[in-house]
Amino acid sequence: SCFCQLKGDLDDCSCSVENLDSFNNFKINPRLSVLLEKDYFRYFKVNMFKDCIFIKDASGKCGSSGCAVKECPEKKIPEGLKKNHSHSKNKVPTEKCDDNEDNELGVIDPHISDESKEAFETWKKYDDAQDNFCLLDDVESPDAVYYDLILNPERFTGYVGQSAVNVWKLIYEQNCFNQCFNNSYFALLTNLCLEKRVFYRMISGFHTSINVDVTANWLIPPKTPMDGPTWGPNLEEFRRRFDPDQTWGEGPKRLKNLYFTYLVELRALAKAAPYLEKEEYYTGNEKEDEEVRQIVKELLHEVKNFPHHFDETKLFQGDFQKLKEDFKVHFRNISRIMDCVGCDKCRLWGKLQITGMGTAMKILFSGDKGPHSTVTQEDKRAHNPFQLTRGEIVSLYNGFGRLSKSIHEVDHFRRMLS
Ligand code: FAD
């Protein structure tokens, strides 16, 4: 079958397709599927009403009912999430700072006025945001609302045609750092330095993940007028998008990019494991919160013990700060491009997945020297160089969950073909 090419090494990593398939399909995907149904992870707050600053003509709106999303009524949101309690053991205790200059700046003098305190908080927030690869102003906007991800699943919506292609084009243009190359895989693979290639492969992997999910959850026409719509795999559509004979050999490479993006996010989870294990995942429902912590523990145990992790220290070897800043600017642009997606459901999941990917980058490259820094006892910042909001945590797990599910779906298609 055409998928005979989808095997062996994944380029830029020390892992093979076969290793990842069995690791994901047996150890990761079953745990994630249970975890992501829990309340902490299923309610995602986001601002869906921001203007698109890249495309003036809004004529690309998807008119299909499949594109619509249902907002979640406030009364359904668990109290623990609504009150925004700080139930995390990861928060930096600013009052207890000692000799570290950065930490001293974090101490708020109890005698200063409320206005100064507010200004300080705003400044500190701005400072913290400098490490972000995505724009996270969405959550705090008065227009932000909760969506129930289980009730708004990613699947075929009917968002096709020039509007969707234009958004993808805008996204791929962000891969042009100083110089533009044409979008051929070979040109990219041979001409680009590692950092830019990684950037391209991550976006392409994200694109593959969406398109695999769309073809795995295709709208099946009702057999009689009395039947409601159902969703299931469309093998012909999968073949059209990923078969090498039909798409000039790009299909298997695009599928490999899915595995590549998965590996980068897997590595970020492994690196953040000590932080994520300390999270309380608080919703106020003690029994469920305890179950969540237990599944997280098991999941992260598997993640940490994966033997073929992506090696992020190979990235940004040259001018670390310059390359990282470049990466960040282009990544933030992609998070703004999500406001141009003309289908609400696609925009919801697009925003979530890009925030998840940005969070993975933040974890991998936070700190002045990122993965190249040597951690010393004195360097307290380096011990915990990042802080994550609930939105980032939810996006990280759910974004990784989408990649994991797509790999599982690819395996399903492969078996259908054989
Ligand atoms: P497209 O997928 O639109 O591809 C455009 C161009 O990119 C093509 O020329 C193709 O050769 C190239 N290309 C395709 N895949 C890759 C890859 N992996 N790497 C590099 N280049 C590639 N539709 C839904 O039904 N449900 C959704 O939930 C959904 N979410 C979306 C989220 C976002 C952010 C966007 C931008 C689109 C979303 N779509 C969704 C639309 C979907 O991704 C496709 O655009 C649509 O199905 C039309 O597909 P197509 O075959 O015409 O090519």
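Author: Start with a term. A residue counts as buried if 20 or more other C-beta atoms lie within 10 Å of its own. Keep in mind that this is a predicted model.

Reader: Is Cys-346 buried or exposed?
Author: Count the C-beta atoms around it. Cys-346 has 22 others within 10 Å. The cut-off is 20 or more. So Cys-346 is buried.

Reader: Which element holds Cys-346?
Author: UniProt lists Cys-343 and Cys-346 under "active site", in an unreviewed entry. Cys-343 sits in the loop between α12 and α13. Cys-346 is placed in helix α13.

Reader: How many other C-beta atoms lie within 10 Å of Cys-343?
Author: Cys-343 touches Cys-62, Cys-67, Thr-157 and Tyr-159, leaving out residues up to four places away in sequence. Cys-343 is buried, so its count must reach the cut-off of 20. The number is 25.

Reader: Which residues does Cys-346 touch, not counting those up to four places away in sequence?
Author: Contact is judged between C-beta atoms, with a cut-off of 7 Å. By that test, Cys-346 touches Cys-67, Thr-157, Tyr-159 and Val-341.

Reader: Where does Thr-157 lie?
Author: UniProt names Thr-157 among its "binding site" positions, again in an unreviewed entry. Thr-157 is buried, with 22 other C-beta atoms within 10 Å. Its contacts beyond four places in sequence include Cys-62, Cys-343 and Cys-346. Its place is the loop between β2 and α6.

Reader: Does Trp-168 count as buried, partly exposed or exposed, and what is the reason?
Author: Trp-168 is another position in the "binding site" record from UniProt. It is found in helix α6. Buried needs 20 or more neighbours, and exposed needs 12 or fewer. With 15 C-beta neighbours inside 10 Å, Trp-168 counts as partly exposed.

Reader: Which element gives the largest share of the shell around the ligand?
Author: The shell has 22 residues, and among the closest are Ala-164, Ser-204 and Cys-346. The elements giving two or more residues are α6, α8 and α13. The largest share is six residues, and it comes from α8.

Reader: Why is α8 described as largely enclosed by the rest of the structure?
Author: Look at how many of its residues are buried. The helix has 23 residues. It is largely enclosed because the buried ones number 17.

Reader: How many residues of α15 are buried?
Author: Helix α15 runs from residue 390 to 417. It reaches 40 Å from its first C-alpha to its last, close to the 40 Å expected. The helix is mostly covered: of its 28 residues, the buried ones number 21.

Reader: How far apart are the C-alpha atoms of Ile-28 and Ser-404?
Author: Ile-28 is found in helix α1. With 24 C-beta neighbours inside 10 Å, it counts as buried. Ile-28 and Ser-404 are 376 residues apart along the chain. Their C-alpha atoms are separated by 7.5 Å.

Reader: Among contacts between residues at least 6 apart in sequence, what share joins residues at least 24 apart?
Author: The chain has 15 helices and four strands. Of its 418 residues, 35% count as buried. The share of those contacts that joins residues at least 24 apart is 79%.

How values were computed. Residues numbered from 1 in each chain as written. Predicted model: local features only at pLDDT ≥ 70, side-chain atom pairs only at ≥ 80, totals over all residues. UniProt positions renumbered as here; feature names shortened; annotations may be inferred. Contact = placed C-beta atoms within 7 Å. Near = placed C-beta within 6 Å. Expected span 1.5 Å × (residues − 1).
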